[in-house]
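Let's take a walk through a protein chain together. Have the sequence and the 3D view ready, and follow along as we go from the overall layout to single residues.

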Amino acid sequence: MSIPKIRAALDAGDLETAERLAREKLLLVGISEDLFSRSPFELSGGQMRRVAIAGILAMEPEVLVLDEPTAGLDPAGRKELMEIFQGLHEDGMTIVLVTHLIEPLVDSGHVFDSSRGFINSRQFLKAQTAC
C-alpha cells in the first residue's frame with residue numbers, strides 16, 4: 001500500500017486499514033502486541049528505534065536508508081535487527097546501511113569501503129582479516 005492509499009484510507013475514516021498496517025510493521029520489527037498501547041516514553045531505546053523503523057516501513061519505501069541502526073543495542077538486539085534487514089533485502093527491498101560493524105554484512109551482497117571503493121563483501125572481509 002502506498003502513502004497516497006494510506007492517506008486516502010485515513011481521510012475516508014478507514015482507521016482499520018491504517019491500524020492493520022501499523023500492527024503488521026510493528027510485529028515485523030519485533031515489537032510485541034503488549035507494547036502497542038504504551039507511551040513511547042515507556043519504551044527502551046532499542047524499542048523506540050524499532051518503532052521508528054516500523055514507521056518508515058509502513059510507508060513501504062523501495063529503498064531503506066539506515067545510518068548506524070544497531071548502535072547502542074546489545075548483541076542480541078543487533079542480530080535481530082540485522083536479520084530483519086536481511087529478510088527485507090531478500091524480499092526485494094534495497095537496503096543502504098551505514099555501519100562500523102562489518103561482520104554482520106558477510107552475506108549482504110556488497111560493501112562500500114570508503115578507503116578502497118566498492119567491493120564484494122566476502123572479498124572485503126578476507127582483506128580485513130588478512131591485515
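## The overall layout

First things first: this model is predicted. If you count up the secondary structure of the protein chain, you get five helices and four strands. Start at the N terminus and the elements come in the order α-α-α-β-α-β-β-β-α.

How much of the chain is buried? Of the 131 residues in the protein chain, 28% are buried.

Now find helix α2 (residues 15-28) and helix α3 (residues 45-58). Their axes come within 8 Å and cross at roughly 130°. Angles of 65 to 115 degrees would count as roughly perpendicular and those over 145 as roughly antiparallel, and α2 and α3 are therefore oblique to each other. The crossing of α2 past α3 is right-handed.

Which residues make this contact? On the α2 side they are Leu21, Lys25, Leu26 and Leu28, and α3 brings Val51, Ala54, Leu57 and Ala58.

Let's zoom in on alanine 54, which sits in helix α3. Is it buried or exposed? Buried means under 20% relative accessible area, so alanine 54, at 3% relative accessibility, counts as buried.

Leaving aside neighbours within four places in sequence, alanine 54 touches Lys25, Leu26 and Val29. Take valine 29 as an example: it is 25 residues from alanine 54 along the chain, yet their C-alpha atoms are separated by 6.4 Å.

## The nonpolar core

Next, the largest nonpolar core, which has 17 residues. Those with the most contacts inside it are Val29, Ile53, Leu57, Leu64, Phe85 and Leu88. Two or more residues come from each of α3, β1 (63-67) and α4 (75-90). Which element gives the largest share? That's α4, with five residues.

Setting aside its neighbours within four places in sequence, phenylalanine 85 is in contact with Ile53, Leu64, Leu66, Pro69, Ile95 and Leu97. Two names in that list, Ile53 and Leu64, are also among the core residues with the most contacts.

Terms used. Residues are numbered from 1 along each chain as its sequence is written. This is a predicted model: local features need pLDDT of at least 70, side-chain atom pairs count only at pLDDT 80 or more; totals for chains, interfaces and linings use all residues. Side-chain values use heavy atoms; hydrogens and water are left out. Axes are lines fitted to C-alpha atoms, for helices over the stretch in contact, and angles run from 0 to 180 degrees between N-to-C directions. Angles under 35 degrees count as roughly parallel, over 145 as roughly antiparallel, 65 to 115 as roughly perpendicular and the rest as oblique. A crossing is left-handed if the near helix is turned anticlockwise from the far one by less than a right angle, and right-handed if clockwise. Contact means heavy atoms within 4.5 Å. A nonpolar core is a set of buried Ala, Val, Leu, Ile, Met, Phe, Trp, Tyr and Cys residues joined through side-chain atoms within 4.5 Å. Buried means under 20% relative accessible area, exposed over 50%, partly exposed in between (1.4 Å probe, protein chains only).
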